[in-house]
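This report describes a protein structure and the charged pairs in it. Please look over the sequence and the structure before reading on.

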Amino acid sequence: MNTLEPSGPPTPVVHPSAPVATDPAPVLATTGDPTPPVVRIRQLRKSFGSLEVLHGIDLDVHAGEHVVLFGPSGSGKSTVLRSINLLEEPNSGSVCVDGVEYGPGVAGEPRVKRGKPMALRRKVGMVFQQFNLFPHLTALDNVSLPLRSVKGMSSEDAMRKAAESLRQVGLLERAAHYPGQLSGGQQQRVAIARALSQDPKVMLFDEPTSALDPELVGEVLRVMHELADAGMTMVVVTHELGFAREIGDLNVFMDQGAIVETGSSELFDNPTNPRTQDFIRAVR
Amino acid sequence: MDISSYDWGLIWDYRGDLLRGLLTALEVSGVALVIATAAGLGLAMLRMGRAPLSWLAVVYINVFRGMPALVTVIWIYFGVSLLLGVNFSVFQAGVIALSLLYSAFMAEIFRSALQAVPPGHREAGLALGMPNGRIFFSVVAPQAFKIALPNVGSMFIGMIKDTSTFTVIGLLEVVRVTQNINAQTFQPFVLYTAAAAIYVLAAFVIDIFFRLAEASLSSPPRGRVSQLVRGRKQRRIQALVAELT
């Protein structure tokens, strides 16, 4: 009950030695927007046991930006995403969301205003690969339960707001259905509605279409596309590079626990790093 | 003794005594079920929590899962009562014995049920900013309860059967009543057949009850009972959807 097992990230590829000293200078992933970022990650390191899976990540996400993390499995992209809402606790480094700092912080840097994980999570929405809907509740109650327990809304208000969120993802008429009565694509759209209804500053998507049958991928990507067009700040871990090319303002290629290369959509056409080139060629 | 001398009418003649015996067995088991369920849930939490409390829970579970009901009730009624200087009634001794034994089983049932809820559901609750207590009561516990329910039913049946050993301390349950009637009528085959039938019937009825409860907890709800209980909520959602479309 008490501790949460780290269940998320896939088993990382084991490298002979953690590349620390010999590695090239860490890449700061940012669009260069001068406004203060909504999410600011600095020198983030994470280990599972004795194995370090993130060797210092630096990432800025500004309001309205769509950041895509991609790379081979075990590269640490899901762990970065799960660090943003502290489902993974950083071993060192700083996670800053909406001006409030979490995590141990960066050595030598002054501490900013510090916050508790629960306060952070209320500003960050997350969509999981496995949907993680609550199977004993209707689609509507899946959305309204957190509205009642987190936002303290009355049952009536929560139901109305939940219905609005379901309408946004095109599932209002399925409100009384249970997750078991919905297709995978519909379940994922309910999960998106659930996260959206909390009015998050940023939405995290952890391989949202990887568990879906191919014919159901489109409806989920369509909803995400609409969100992106509406100006939602998004961080997306995905293998759908076509989708990434369409929405990605900042595309981040990760390998072996580090950021290798970043860029706008031209990164997919003209990658400079050989590892990025290999990966994009292999996926295509 | 030839077959024509079996007096099956005895069962009808003594039906009141036999049913009172069953009622006593049900009362002892029912009270013990409530206590064992609560204690078992607490033990399961301790067991899944931090050392050294988790070790204590493990020791408790392994001791009382291994003790036979007969030994336990004698130990309580004749032993522990002396140690504490309290005179337990036979009813109390029976309840205590069953509660001690079955809380150990319940702890394991609840532990496995809680662990069977996918950890992602808890993570989803955390990611939504829900407090831990709310995640437990609104997300994890309802799912775990449904998983545990059939096993809790089996435990209840086991408890009722174990009350038969409490005849040794003089509890007037089914076996004790049967022995008393047999002492007057010398019809052991007839009477013990009746006793066996009573246990089987009781188990059958309890099984049906727990099956209904399980069906009513399924999503979507099955069965009339759950439609009565949960139908209102469904209709409220449907009315809201109709209003908004």
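## Terms and basis

A residue is called buried when its relative accessible area is under 20%, exposed when it is over 50%, and partly exposed in between (1.4 Å probe, protein chains only). This is a predicted model, in which local features need pLDDT of at least 70 and side-chain atom pairs count only at pLDDT 80 or more, while totals for chains, interfaces and linings use all residues. Residues are numbered from 1 along each chain as its sequence is written, chains are lettered from A and ligands numbered from 1 in the order in which they are written, and side-chain values use heavy atoms, with hydrogens and water left out.

## Chain B

Chain B has ten helices and zero strands. Helices (H or I, at least four residues) and strands (E, at least two) are DSSP runs, numbered from the N terminus.

The radius of gyration of chain B is 23 Å, whereas a compact globule of 245 residues would have one near 18 Å. This radius is taken over C-alpha atoms, and the globule rule is 2.2 Å times the number of residues to the power 0.38. The C-alpha trace of chain B spans about 75 × 50 × 30 Å along its principal axes. Of the 245 residues in chain B, 45% count as buried. Among contacts (heavy atoms within 4.5 Å) in chain B between residues at least 6 apart in sequence, 73% join residues at least 24 apart.

## Salt bridges within a chain

Side chains of opposite charge can pair when their charged atoms come close. A salt bridge is counted when a side-chain nitrogen of Lys or Arg lies within 4 Å of a carboxyl oxygen of Asp or Glu. Over all chains, the structure holds 22 salt bridges.

In chain B, the side chains of B:Arg47 and B:Glu108 form a salt bridge (3.6 Å, N to O). The pair links distant parts of the chain, 61 residues apart: B:Arg47 is in helix α2 (residues 15-48) and B:Glu108 in helix α5 (residues 90-116) of chain B. B:Glu108 is buried, with a relative accessible area of 17%, while B:Arg47 is partly exposed at 26%. In chain A, the side chains of A:Glu88 and A:Arg82 meet in a salt bridge at 3.0 Å, N to O, and both A:Glu88 and A:Arg82 are buried.

## Where the chains meet

The contact between the chains takes 43 residues from chain A and 36 residues from chain B. About 3600 Å² is buried between chain A and chain B, and carbon and sulfur atoms give 63% of this area. Buried area is the accessible area (1.4 Å probe) that two parts lose on being put together, summed over both.

Four salt bridges are counted between chain A and chain B. One of the elements that give two or more residues to the side of chain A that touches chain B is α4 (155-168) of chain A. A:Glu156 and B:Arg236 meet through their side chains in a salt bridge (3.5 Å, N to O). A network of salt bridges links A:Glu156, A:Arg160, B:Arg236 and B:Glu243.

A:Asp141 forms a salt bridge with B:Lys233, and their closest N and O atoms are 3.3 Å apart. This pair crosses from helix α3 of chain A, which holds A:Asp141, to helix α10 (residues 224-244) of chain B, which holds B:Lys233. A:Asp141 is buried, with a relative accessible area of 8%, whereas B:Lys233 is partly exposed, with 30%.
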